Amino acid sequence: MLPPTLAHAVFDADLFASLRQALQRGELSPERSRLKVAPAQLEPGALTRVTELTPEARVRLGVRGRHAIVAGEVAALVLNGGMATRFGGAVKGVVPVLPDHEQMSFLAVKLAGLRHAAIDGGGPVPIVLMHSFATAAASREHLENIDWSDVPERDRSSFEQSLLPRVLPDGTPLPELPDAGQLPDTTLFSAPGHGDTLTRLRDSGTLEQLMQRGVRHLMISNVDNLGATLDPVILGAHLEAVERGAALSVEVVEREPGDAGGCVADVGGRPQIIEAFRLPPRVELVDYPYFNTNTLWTTTQALQAPHPLTWFPVRKTIEWGDRAALEVIQFETLIGQLSEFVPTRCLLVDRARFLPIKTREDLVDAEPQIRAIVRAAGLHP
């Protein structure tokens, strides 16, 4: 089913067949994606209020974090996948974040910040980039041009997400439609959500390579969240959470008007990340005060075993040649569902660590904060 242009891509035909059949049987639907019972409010004991730490506690946690960096126990994974549908169809990671600075892209700033954290911490910080079939080529060319923002070569690695064909609501794969050959791969196929990160990190051999280097903890963040830096204090808070039995730490902020995405809540006595579309009818995100930033800290041990993530049918409207817009479905899993399977703690962090850029207008609005982040990363616009 894959065209020659995607011959290198990871595609599980058996999985795709089972998802199509489940969709056709009505087992995959928005209604079935919802929780049956509204989750409870997060228990106070499940939350570490990093924003309220005393100066002494911040010093103590910062020392712990730096010791882990010196020991080579920490790596960073930057999520640079997706379908490159925003920013006018440009691959977001290569887009300049400041006017008149063509090389100062999302990737350049994220990598420079991580390199700066490694230098400041006094140890190596391996950096892993996850691309998709839609972002890989442009990203790799750009990374070569910026030389990975001077990240040491031994600390560079990357892998690609898998892909799945999009389908019509009745389950018909788009590549099988009569005029599909005239359309780009990014119309016919999609990356299957950030949950795919967990599978591909393991199956690509990247996780094993990190663990062989002695990496025990992995920071995961989106390429477009420039505020998510490798902060030794936050790392120290995660290390303490692990000592208390957690395997995953989720950075959260207090919800503000306009925040759209996921929350953290109590499900069956455990904190979990819950996306808005999974909440029961008449239950709203505003009912939950803590917002998931999608910046995660996890032990590498927690990622070794496969976790049975749920597949969700995500409806999209796409352009289809000269026709009117076409409603399609793409199958996705969520990385945040890891919190359903491993002991989790939430870290309430300063809002400055959550600076997601979803549109070009966001770049303009966030320019003062971006300039501060750029300076902190050791760059000079």
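Me: In this predicted model, at what angle do helix H4 (residues 106-121) and helix H5 (residues 136-146) pack, and how far apart are their axes?
Reply: The angle is about 55°, and the axes are 10 Å apart.

Me: Which residues make the contact of H4 with H5?
Reply: On the H4 side, Leu 107, Ala 108 and Leu 111; on the H5 side, Ser 139, His 142, Leu 143 and Ile 146. Sorted by class, that gives 5 nonpolar residues, 2 polar ones and no charged ones.

Me: What about H3 and H4: how do their axes cross?
Reply: They cross at roughly 100° and come within 9 Å.

Me: And what makes H3 and H4 roughly perpendicular to each other?
Reply: The label covers 65 to 115 degrees. An angle of roughly 100° sits inside that range, so H3 and H4 count as roughly perpendicular. Arg 66, Ile 69 and Val 70 of H3 make this contact with Ala 117, Ala 118, Asp 120 and Gly 121 of H4. Split by class, these residues come out as 4 nonpolar, 1 polar and 2 charged.

Me: Now H3 and H9: what do the axes do there?
Reply: They come within 7 Å and cross at roughly 85°. Since 65 to 115 counts as roughly perpendicular, H3 is roughly perpendicular to H9.

Me: Which residues of H3 and H9 meet?
Reply: Quite a list! H3 brings Arg 58, Arg 60, Leu 61, Gly 62, Arg 64, Gly 65, Arg 66, Ala 68 and Ile 69. From H9 come Pro 232, Val 233, Leu 235, Gly 236, Ala 237, Leu 239, Glu 240 and Glu 243. The classes are 8 nonpolar, 3 polar and 6 charged.

Me: Let's zoom in on Gly 236. Is it buried or exposed, and how do you know?
Reply: Its relative accessible area is 0%. Buried means under 20%, so Gly 236 is buried. Gly 236 lies in helix H9, and it touches Leu 61, Arg 64 and Gly 65, leaving out residues up to four places away in sequence.

Me: What about Thr 206: buried or exposed?
Reply: Its relative accessibility is 4%, and the cut-off for buried is under 20%, so Thr 206 counts as buried. Thr 206 belongs to helix H8 (residues 206-212). If you skip neighbours within four places in sequence, Thr 206 contacts Val 128, Ser 157, Phe 159 and Leu 201.

Me: And how do you know whether Val 37 is buried or exposed?
Reply: Exposed means over 50%. Val 37 has a relative accessible area of 62%, so it is exposed. You'll find Val 37 in the loop between helix H2 (30-33) and strand E1 (47-49).

Me: What is the phi of Trp 148?
Reply: It's near 55°, a positive value in a residue other than glycine. Trp 148 is in the loop between H5 and strand E4 (156-160).

Me: What about the phi of Asn 294?
Reply: That one is positive too, about 65°, although Asn 294 is not a glycine. Asn 294 lies in strand E11. Its 14% relative accessibility makes Asn 294 buried, as the cut-off is under 20%.

Me: What does Ile 370 touch?
Reply: Val 97, Leu 98, Leu 226, Leu 355, Ile 357 and Leu 363, not counting residues up to four places away in sequence.

Methods
Residues are numbered from 1 along each chain as its sequence is written. This is a predicted model: local features need pLDDT of at least 70, side-chain atom pairs count only at pLDDT 80 or more; totals for chains, interfaces and linings use all residues. Side-chain values use heavy atoms; hydrogens and water are left out. Helices (H or I, at least four residues) and strands (E, at least two) are DSSP runs, numbered from the N terminus. Buried means under 20% relative accessible area, exposed over 50%, partly exposed in between (1.4 Å probe, protein chains only). Contact means heavy atoms within 4.5 Å. Axes are lines fitted to C-alpha atoms, for helices over the stretch in contact, and angles run from 0 to 180 degrees between N-to-C directions. Ala, Val, Leu, Ile, Met, Phe, Trp, Tyr, Cys and Pro count as nonpolar, Asp, Glu, Lys and Arg as charged, and the others, Gly among them, as polar. Angles under 35 degrees count as roughly parallel, over 145 as roughly antiparallel, 65 to 115 as roughly perpendicular and the rest as oblique.
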